[in-house]
Amino acid sequence: MNLTNQHIEFIDNYLRNSGVVYADIRFEMVDHVATALEKQEGDFMENFRLYMVENKKSLLNNNTVFAKQARRRAFKALLKTMVKPGFIAIAALLVIIFKLAIDVYEPETIKDALTVVYLLLLFVMVLLAKFGLKGGYSKFSVVDKLGSALTSTAYILFVLIRPDKLISNTNWLIGYYTLFTVFMLSGIYTFYTLAAKYKLLYDGNR
């Protein structure tokens, strides 16, 4: 049985409505389901219904597994970005900037200023996701996990934990600010590059 574009769209919508929210995971599942159905003869809807009765549970279980794996791939991509020469150079420059700043301003003042900077960076990340990608935004597993990880990490390590209160040694405080800023900058860079890559790979094949 040859499947039409309408059949493929039907499978895609069914999986989305069943909880497979990530476009990249759904793309692979649609291809898997379509390949199985193309080997069968008869009515598409009946074949699809019988296929889902037998395989829907395993598909949704795989969706959960793939989503968990996406978090590991997101952090791996982020770490690769952080050790790039350009970001190592940024880290060295930040050490100098923070050293000069701490000699002039109180640690709490620097922390408050950095909080504003990090919030702006997260806002930029959202803008890039919504408007910076040609053709709009699609929800991809690795990209989404990276975005949520950046947001939650920023909140925990910089809002809940006040480094200016916990770290008394100036050099350690400079190191903390430097690593955290590089983490945020490289995270947003990775977020955008992955979003563009996944959009080209998956949306471009639809």
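This is a predicted model: local features need pLDDT of at least 70, side-chain atom pairs count only at pLDDT 80 or more; totals for chains, interfaces and linings use all residues.
Residues are numbered from 1 along each chain as its sequence is written, and side-chain values use heavy atoms, with hydrogens and water left out.

**Overall view**

Show the C-alpha trace. Along its principal axes it spans about 75 × 30 × 25 Å. The accessible surface comes to about 12000 Å², of which 63% belongs to carbon and sulfur atoms. Accessible areas come from the Shrake-Rupley method with a 1.4 Å probe; for residues, only the protein chains shown count as cover. Buried residues make up 39% of the 206 residues. Buried means under 20% relative accessible area, exposed over 50%, and partly exposed in between (1.4 Å probe, protein chains only).

Colour by charge next. There are 24 positive and 17 negative side chains, and the centres of the two sets lie 5 Å apart. Lys and Arg count as positive and Asp and Glu as negative, while His and the chain ends are not counted. The place of a charge is NZ of Lys, CZ of Arg, CG of Asp or CD of Glu.

Then turn to contacts, meaning heavy atoms within 4.5 Å. Among contacts between residues at least 6 apart in sequence, 79% join residues at least 24 apart.

**The aromatic cluster**

Select F98, Y118, Y176, Y177, F180 and F183. These residues form one aromatic cluster. Rings of Phe, Tyr and Trp (its six-membered ring) pair if their centres lie within 6.5 Å; planes under 30 degrees apart count as stacked, over 60 as edge-to-face and the rest as tilted. By this rule the count comes to eleven aromatic pairs. Zoom in on F98 and Y177, a tilted pair at 5.7 Å centre to centre, with 55° between the planes. F98 lies in helix α4 (residues 85-104) and Y177 in helix α8 (residues 170-202), so the pair ties together parts that are 79 residues apart in sequence. Are these two residues buried or exposed? F98 is buried at 6% relative accessibility. Y177 is buried too, at 0%.

**Along helix α5**

Select L114, found in helix α5. L114 counts as buried, at 8% relative accessibility. What does L114 touch, not counting residues up to four places away in sequence? The answer is F98, F158 and Y177. From L114 to Y177, 63 residues apart along the chain, the C-alpha separation is 8.5 Å.

Move on to L121, also in helix α5 (residues 107-131). L121 is buried, with a relative accessible area of 17%. Leaving aside neighbours within four places in sequence, its contacts are M184, L185 and I188.

Pick T190, in helix α8. T190 is buried at 2% relative accessibility. Show its surroundings: T190 touches A77, L78, T81 and L146, with residues up to four places away in sequence not counted.

Select Y155 in helix α6 (residues 141-160). Y155 is partly exposed, with a relative accessible area of 45%. Its C-alpha atom is 9.8 Å from that of Y118, 37 residues apart along the chain.

Finish at T35, in helix α2 (residues 23-38). T35 counts as partly exposed, at 34% relative accessibility. How far apart are the C-alpha atoms of T35 and L119, and what is their separation along the chain? They are separated by 45 Å, at 84 residues apart along the chain.

Definitions and conventions. Helices (H or I, at least four residues) and strands (E, at least two) are DSSP runs, numbered from the N terminus.
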